[in-house]
Amino acid sequence: MSVRNQASCIEWMAAGLPTATAEITGEDVVLKSTPNKRTMKSGQTSDNNLEGLEHRQLMAAGTVVSLPFRLDFNATIADSIVDKDGEGTGLTRVQANKLGTEYQPALIDLNTTTGRLNITSTGTSSAGSSGGTDNTQANALETQFDGTSSGLTITARLIGPLSNLASSYQSAGIYLGIDQDNLIKFTAINMGSGTGSQYLQFKDEFDTGSGPVSSRSDTLNRVSIGSFASITTLDLRIIGDALNGTVNAYYSVNGGAFAQFGFNYTVPTSKQAQFFSTTARTGLMVSQKNNAAPITAIFDSFEITAGQSLGNRPSVTATRPANGETNVNRDIFIAADVNLPNSGGGVDTATINTSNVKLIRASDGALIGGVINTTGGGDAIVFTPSSPLAAYTSYTFQITHGVKDTTGSPFMPYSATFTTGNTGGTVDTSISFTKTAQTLTQGSRYTSLAFGPDHKLYATTIDGKIMRWNVAADGSLSAAQQILTIQNMNGGHRSTISIVFDPASTANNLIAYVSHSDFAGLELKEYESENLGQASNWTGKVTKLTGANLQTGQDIVTGLPRSVRDHQNYQMAFGPDGKLYISQSSMSAMGSPDNAWGNKAEVLMSASILQIDTAAIGASTINVRTEGVANPYNPFAVGAPVALYATGLRSAYDILFHRNGKMYSATNGSAAGGNTPGGGGAAALTNVATQDDFLFKINQGAYYG
């Protein structure tokens, strides 16, 4: 037997390999090696030590084999499932059955002289297969491999004639799957009695909550290829596609061209994340479910080859609550951390909906209502249930086909299950709120609110508008007015984040300041042509607006940093000193370039809070760009009208001056997957876990990391 992988085309020779015994622990078969003395093909003998095998690879139940992987059954492999003589077959696991009788080495015989693996069936009229609730299949020999590609191929050759498949439900072939309740198998099978019942069967079986079910009946999942007695070789092949969750079958009789089955299977969305995982499982099976004499199937080869890599596909890396977590609060939300391999590509909000992001009660498959969303930067997926979950209940969170990033690449399917406890979800009846719909505010996405000195309510929108309403004594709004000064000054949409009024402003002398930057769609469905992740750097501005309708504009600061995503010049506030302060966000997730944030490096004035001396600027405009220009701005210069006040603040979205004179900031931590810089004795980190949010008291000149 030879085993070959891409890196080194390794061959294991039958030289001094030890005998191995096996212990079954849970669903894994654990291999133990015992040194022995063996007779080699050449007639030589080896001693009790393994001879030096260049690039030797030892395998066990947890091994994930490199691809391509091929077994020719012409030598024995150390630390693999052994046969009746202690010879390693090269397959590394045995699929568990419900009785714990899955491994029966007396029925396995590796013949290295002929280069064949013989597997003998065991069964009765009521047991012996993986079908339905039987789950007593023995000696389903398998291995684990990376199944996350498109077009992965599994092929095995059976040696004929197959006329011994003469009684009902005797079969031999290959399978791809998770366990005996969740798999797709492709076998030569006798469906009744005699030669007239011999078929190739391509069958699926999945348990999605109410027991194992096949999607096609036995009369529809088979094809006749003539008498099995005339078969000298039968090649069975299944091709899986992790991109769309499908599995196809092909077969070749006596070395002829491969023919394709006329249908394929789509793995249930709840199973695809396991089925096509980095530890996918495939193998060989021989079974019978009758009282006839056992049959022996002869396998000549077994091979797994990878398809096209799906490495550019975004995926979920973890959820909170974690998969398998128990005693979860009933009032939680589910947050999915994501891997975003495509530069600048965040979660496309337009593609997430209740058909592909679901929370399901495990006991009966009921869908749980809730709100599906992502972050401002599109770097997480969040599901918030509409009401507290039931106590002591299991739920499954699923992300299925259809969710994409903003480059159009589809997410890999994902599934996680957790169980609630009895905490959370209580209601304090002493506190109540009344929700009153303000019909005049509908149809826009608002980024900030401020009451003007004229006692009217002002709001900025994500695309550059300013809305103004009269406010009645009961809080209702009227006389809606749309102010388009920012859009008119810039010739179109702008990502407008904050509006504040100058302390010197009065009802008859309105003076407002607005922060804004390059508009990149920010996932608004009405602006689908302007994709999140395409924003240009150095496009941030602070604009002074005056006049009864804020119709006169003057850019006082330009050239502020702007990330490719939602990080930009954020909220502003006037301090007790009369100066204007603005939060300037980071260019990356965690301080070093990363794919999700367009591989942009931090710049001098990013991840900071800036102090703007509006009086010193007056009627002029200050360009504060610090790189890529002939005269870069220096915020450290004496008298600089725009200065660095505090640094190391990733995304200090809002800032507040307390009446004690101190500044405070609520600062967003990053979603998972970012990179941190090294320095000061600390090592640089990559693919860091989700960060907490922080509330900082901001001191001038301080660095917050």
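**Exercise 1. The second largest cavity**

Task: Find which strand gives the most to the lining of the second largest cavity, and with how many residues.

Solution: 
- Start with the search. This is a predicted model. Two cavities of 30 Å³ or more turn up in the whole structure.
- Take the second largest cavity. Its volume is about 40 Å³.
- List its lining: Ser-130, Gly-131, Leu-183, Lys-185, Lys-203, Asp-204 and Glu-205.
- Strand 10 (182-190) and strand 11 (198-207) are the elements that give two or more residues.
- Pick the top contributor. Strand 11 gives the most, with three residues.
- Sort the lining by class. One residue is nonpolar, two are polar and four are charged.

**Exercise 2. The largest pocket**

Task: Work out which residues are the closest to the centre of the largest pocket and which strands each supply at least two residues of its lining.

Solution: 
- Begin with the volume. The largest pocket has about 930 Å³.
- Go to the centre. Of the 35 lining residues, Thr-374, Thr-375, Gly-376, Gly-377 and Asp-566 are the closest to it.
- Now look for strands. Strand 22 (334-339), strand 24 (370-374), strand 25 (380-385) and strand 28 (446-451) each supply at least two residues of the lining.
- Finish with the classes. The lining of the largest pocket holds 12 nonpolar, 15 polar and eight charged residues.

**Exercise 3. The second largest pocket**

Task: Describe how the lining of the second largest pocket divides into nonpolar, polar and charged residues.

Solution: 
- Note the volume: about 500 Å³ for the second largest pocket.
- Count the lining. It has 24 residues, and Met-590, Gly-648, Arg-650, Tyr-703 and Gly-705 lie nearest the centre.
- Divide them. The classes are 10 nonpolar, 11 polar and three charged.

**Exercise 4. An open sheet**

Task: Explain why one side of strand 36 and one side of strand 40 are left without a neighbour in the sheet.

Solution: 
- Recall the pairing rule. Strands of a sheet pair through backbone hydrogen bonds, either parallel or antiparallel.
- Write down the order. Four strands form an open sheet, 36-37-38-40, with antiparallel pairing.
- Go to the edges. Strand 36 (569-574) and strand 40 (642-647) stand there with a single partner strand each, so one side of each has no neighbour in the sheet.
- Neighbouring strands are turned by 25 degrees against each other on average, direction ignored.
- Zoom in on one pair. Strand 36 and strand 37 (residues 580-584) run antiparallel and are joined by four bridges.
- Phe-574 stands opposite Leu-580 in strand 37.

Notes:
Residues are numbered from 1 along each chain as its sequence is written. This is a predicted model: local features need pLDDT of at least 70, side-chain atom pairs count only at pLDDT 80 or more; totals for chains, interfaces and linings use all residues. Side-chain values use heavy atoms; hydrogens and water are left out. Two strands pair if DSSP finds at least two bridges between them. Axes are lines fitted to C-alpha atoms, for helices over the stretch in contact, and angles run from 0 to 180 degrees between N-to-C directions. On a 1 Å grid over the protein atoms alone, a cavity is a set of points where a 1.4 Å probe fits but cannot get out, and a pocket is an open set with protein on both sides within 12 Å along at least five of seven lines; lining residues have an atom within 4 Å of a point. Grid points are joined across faces, edges and corners, and a volume is the space filled by probe spheres set on the points. Ala, Val, Leu, Ile, Met, Phe, Trp, Tyr, Cys and Pro count as nonpolar, Asp, Glu, Lys and Arg as charged, and the others, Gly among them, as polar.
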